[in-house]
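Hi there,

Here is the structure I promised to pass on. Have a look at it first, and my notes follow below.

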Amino acid sequence: MSFSLTGRVSGRRLRAVRPLALAFLGSLLAAAPAAAATTVTASSAVTRSCHRALAPSAPGHDALRVTAPSRGLVSARLRASDDWDVAVFGSKRRLVAGSAGFAGNELAEGFVRKGERLTVQACRFRGDDASARVAVRFTAIAKKKTAGKVQVVDVVTRRQVDKQRLQTLGLDLTEHGDRNSVEVVLHGRRDARVLRRAGFRYRVRIADLAARTRRNRQKDRRHAASAAASGLPSGRDSYRRLPDYELEMKQLAMRYPSLVKPITLNHKSVLGRDVNGIEITTNPANTADGKPVFLMMGVHHAREWPSSEHTIEFAYDLLRNYGRRSRTTSLVQQTRTIIVPVVNPDGFNISREAAPLGDFSLFDYEMKRKNCSISEATPAQYRTGACDANNAGRLRGTDPNRNYGGLWGGAGASVSWSSDTFRGDDPFSEPETQNIRELVSSRQVTNLITNHTYSNLVLRPPGVAEFGFPLEEPQYKALGAAMTAHNGYQNIPGFGLYDTTGTTEDWSFWSTGGLGFTFEIGPSEFHPPYATGVEAEYLGLPPAEGAGDGGNREAYYEMLKATADTALHSVIEGLAPPGSTLRISKTFQTSTSPVWQDNFGNEIGDPILFQDTLTSELKTSGPKFAWHVNPSTRPVVAGRHGRDPTGPPQETIAFDNPAGIPAENVSYPSGPYESIPFTVNGPADGVDNGRFTVHVEWGNPQTDWDIYVVNAEGTVVAQSASFGDTTEDATLFDPPPGEYTVHVVNFDQVQSPPDDWTNGNVTFQSPTPRVETGTKESWTLSCIGSNGKVKATRQVTVDRGQRAQVGNACAGSK
Ligand SMILES: [Zn+2]
């Protein structure tokens, strides 16, 4: 589908017509023609936006004119040795796409109509290079019709195993759900059929997502036209596009040179884009200043546009308020905040640029979640084409938030290349996750927030229930609570909805000890209207759940405050000659999950072990130093929460089925049900229960009995409401002693005479004993001389909340 252009091409200065093609995708496009780039020139540099159409006479730019040969995609790739930017404009100066990275490596890619006359505008932003090379390529996109509308539905999944089974169907699950359901995006009739065939019941929540999205866009246009500056720190009132993020970060670095350092991550994206961010602190250039680091990220998932908006707005917040508000000033001085708004620029650009044409066939791309890589398992017919024009549509790519190595390869991540939660060919196989891994491994990232949409959740490790909580669960939970007090979200572990593996914090936390959270911003929709999805959620305005409580803005400040709090990380203190370089490092093996070989967990292979190395440096400035670091012992080996039983568990209580059978009832807690009281004893009675499980069973799998357990106050403390089987088991961990009641509900009867339940009982088990924290790991601390040789080295063991005194760090080994 890719071809070189032979149509009209002319430079502003009437260059000879020449065919244009592009080779940057050459490795992906076996049939792609050889590249032919055009040289553009500008005699002066001007630091301004290149994604605004410039007058032909404006200095500092050059332009090519091209006509789109078909409906499809245009790519303009620019290369220069200094900072140039590029943009493509269509009819009526419509911005098709732009690219404004920190250097001279730009890719502007967007959708065009057949015959649309385009201007490729190349701008010299700064530096000495007066020329750049620009290559333009077109890809036709055939009209295609999705069979059936894209819908959002609530799928009934009342047990964890139902949620797990739903995850194996290859459908597009959202992070939204509750005890009884998970929200799923159905891309056409085929998906709906898959769901029904698997026996799931569902309720339609949004019958036509494309129509909803069009209405949202109209709302956004009206909002942007009516509002003056929004209340956001930047004043922004509409969703940014990729060049907006890049340009604004450059402008912030220029406007606040004493507070901002640009950072380009180590790996280019799959399509070759730079991945950029900014670091914010006083004296930002010295990245070895020993301050605790808060890393905030957006857009692992392409369609989750509010996640990057929130991320960059916090940068504006810190910079605008530094020197004005004592809280901000003091926190910016004490900490370093690294902002990476768009971790997955390829996916984001596709999702964001697919939208403006309002064309239903492009909606597929607007709902893209993953990156642009092609899996080893991808069949040949899906390997061709560009990322935003190919036979697999949005399904090309790996889910970056299932590709992190810690716990990689287990439940809640797909082994299928086309699934929206595809885990990738290997742990850390993707440039996006390698970027974050290397950043986190080379800095002491003590605190981390990765922003996503949606579900009003603040999630913490573990992502897998079976993995168990870390020793610092109480502190972790308290920090989550401090944040959710402002945004009104639920403060729960990552497995709270369903098990997931390969997510950001399940590597970063367990391997480095830095406290990481996932924010799922907003109650509904991946990119709702800007006024609600960004302004209201960030500022804490109606209709956001955090209205009146400060919103995500205050939640982020809580995290920054926690970054400065030495009770939540570790400090190494000592003496060293001014100007010394100190280094701490450790190398270890990290284990993935036992690796699932299929999506069903039927066949599970061994975990993969891979090497992790954490190394970071401190440049000392005085005779004394204080270095804010993560604990020396990794949480994954630090032992787990548990408690030693103070007595045996209580004896099993068997209970009889009361006489009669209640009428069918689908609306518990109202309606009829049977009540069976029982008593839970405690240490005062000589027993210690780690958990109880209430059990009932019956004969016909088509019959559905549900059970609920309420405490003396009438609160439901445990429930089991599954269907398609013949048992219910409701479990409560660490049950407080007291009176409880089982409510047995007759949800669905299919036979006559009725199939009544039998064999009811309550069983009790001991708590999981505390794991002895036998393992204490240490950092290797070295003092490096000016000749690069190690002058002294020692092991430093330091726990969370501790300060380790090491004496003179450069005075010979101990
Ligand atoms: Zn996400």
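The buried residues of α7 are P345, D346, G347, F348, N349, I350, S351, R352, E353 and A354. Since 10 of the 10 residues of this helix (345-354) are buried, α7 is largely enclosed by the rest of the structure. Buried means under 20% relative accessible area, exposed over 50% and partly exposed in between, with a 1.4 Å probe and protein chains only. Helices (H or I, at least four residues) and strands (E, at least two) are DSSP runs, numbered from the N terminus.

Some background: this is a predicted model, in which local features need pLDDT of at least 70 and side-chain atom pairs count only at pLDDT 80 or more, while totals for chains, interfaces and linings use all residues. Residues are numbered from 1 along each chain as its sequence is written, and side-chain values use heavy atoms, with hydrogens and water left out.

Now the cores. A nonpolar core is a set of buried Ala, Val, Leu, Ile, Met, Phe, Trp, Tyr and Cys residues joined through side-chain atoms within 4.5 Å. The largest one has 53 residues, and I278, I280, F314, M483 and F519 touch the most other members. A second, separate core of 23 residues includes V40, A68, A76 and W84.

Next, the open space. On a 1 Å grid over the protein atoms alone, a pocket is an open set of points with protein on both sides within 12 Å along at least five of seven lines, a cavity is a set where a 1.4 Å probe fits but cannot get out, and lining residues have an atom within 4 Å of a point. Grid points are joined across faces, edges and corners, and a volume is the space filled by probe spheres set on the points.

The largest pocket holds about 2000 Å³. Its lining has 48 residues, with A465, F469, F495, T731 and F733 the closest to the centre. Strand β32 gives the most to this lining, with 7 residues.

The whole structure also has 8 cavities of 30 Å³ or more. The largest cavity has a volume of about 210 Å³, and L459, G494, T500, T503 and T518 lie nearest its centre among 20 lining residues. For the second largest cavity the volume is about 150 Å³, and Q167, T168, G412, A413 and T421 lie nearest the centre.

Happy browsing!
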